[in-house]
Amino acid sequence: MEDKTRAEITSQPGFLGQVLTAGTAIAAPSSLSQATIAKEASQSSPGEINVKLTVNGEQQTLDLEPRVTLLDALRDRLGLVGSKKGCDHGQCGACTVLIDGERVYSCLALAVMQEDKAIVTIEGLAKGDTLHPVQAAFIDNDGFQCGYCTPGQICASVALLDEVKRGCASVVTPDLTLPPHLAELSEAEIKERLSGNLCRCSAYNGIVAAVQQVTGQKPPSSSADMMVNEPQEMLR
């Protein structure tokens, strides 16, 4: 009896080989199954709708659920991971992109609502190997440390410059009938206009200096000065 039992038991190498072979047969679908999977992947899932987005000058067609945010569509579906997911609640500004020239928190914007609009991400600012002036200024003035918030900071700064050119005032503009020009944009104005973008590394001095450089002003020394008193504009 004992000999028969032993004879019926498969040797360990042979047993493992059978298990692996069986597992492979189960795990590896047939060519027909693979074709079916590819076909299903190319079709819209229930609840998805066809969305056409113009991102960095190129039209992209995606099948998305109406609840998908622009940030998730950019990162997960288009591979444009420059826009960062920080708080995902519209509080940090790391996901800032430009939509028709306006800065927008892409974590709060639904992708399906951006059709027929021009979306520009950090990847779309440079022209080939030529950096956007704001990108170059951030490098020149050490406007970043870890770099996580930098794409949003740069996009917000680009929007800031366009807003000033259009004559948009801010909450610290002394005279709303006389909005500032770029050449005379104060430090307080820059800080207020970028207050929606947080930098947890506190590279704010370099960020302000970068904006000043692009406006044609002479950036301050890279040595940080302690601010004892707030500028008058900030106290209004």
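Author: A salt bridge is counted when a side-chain nitrogen of Lys or Arg lies within 4 Å of a carboxyl oxygen of Asp or Glu. The model above is predicted: local features need pLDDT of at least 70, side-chain atom pairs count only at pLDDT 80 or more, and totals for chains, interfaces and linings use all residues. Residues are numbered from 1 along each chain as its sequence is written, and side-chain values use heavy atoms, leaving out hydrogens and water.

Reader: How many salt bridges does the structure hold, and which residues are linked in a network?

Author: The structure holds seven salt bridges. D72, K85 and D88 are linked in a network of them. Within it, D88 pairs with K85, and their closest N and O atoms are 3.9 Å apart.

Reader: Is D88 buried or exposed, or in between?

Author: The scale is relative accessible area: buried is under 20%, exposed is over 50%, and partly exposed is in between (1.4 Å probe, protein chains only). D88 is partly exposed at 35%, and K85 is partly exposed at 31%. Another salt bridge joins E65 to R67, with the closest N and O atoms 2.5 Å apart. There E65 is partly exposed at 26%, while R67 counts as exposed at 67%.

Reader: Where do E187 and K191 lie?

Author: Helices are DSSP runs (H or I, at least four residues), as strands are (E, at least two), numbered from the N terminus. An α-helix has 3.6 residues a turn, so residues three or four places apart point the same way. E187 and K191 both lie in helix 7 (residues 187-193), four residues apart, about one turn of the helix. Their side chains meet in a salt bridge at 3.0 Å, N to O. E187 is partly exposed, with 35% relative accessibility, and K191 is partly exposed too, with 31%.

Reader: Which residues of helix 5 are buried?

Author: Helix 5 covers residues 133-140, and V134, Q135, A137 and F138 are buried in it. Viewed down the helix axis, these buried residues fall within an arc of 165 degrees, so they line one face (the arc is taken over the directions from the axis to the C-beta atoms). P133 and D140, on the other side of helix 5, are exposed. After helix 5 comes D142, with a positive phi near 50 degrees.

Reader: What do the buried residues of helix 5 pack against?

Author: A contact requires heavy atoms within 4.5 Å. The buried residues of helix 5 pack against helix 6 (150-165) and helix 8 (204-214). T150 has its place in helix 6. T150 is buried, at 9% relative accessible area, and touches F138 and F144, not counting residues up to four places away in sequence.

Reader: Which residues have the most contacts inside the largest nonpolar core?

Author: In soluble globular proteins, nonpolar side chains tend to be buried together. A nonpolar core is a set of buried Ala, Val, Leu, Ile, Met, Phe, Trp, Tyr and Cys residues joined through side-chain atoms within 4.5 Å. The largest one has 25 residues, and L125, I154, L160 and L194 have the most contacts inside it. Helix 5, helix 6 and helix 8 are the elements that give two or more residues to this core. Helix 6 gives the most, with eight residues. Apart from this core lies another, of 14 residues, including V51, L53, V55 and I99.

Reader: Which residues does L125 touch?

Author: Not counting residues up to four places away in sequence, L125 touches L98, V120, H132, Q135, I154, C155 and V158. One of these, Q135, is among the buried residues of helix 5.
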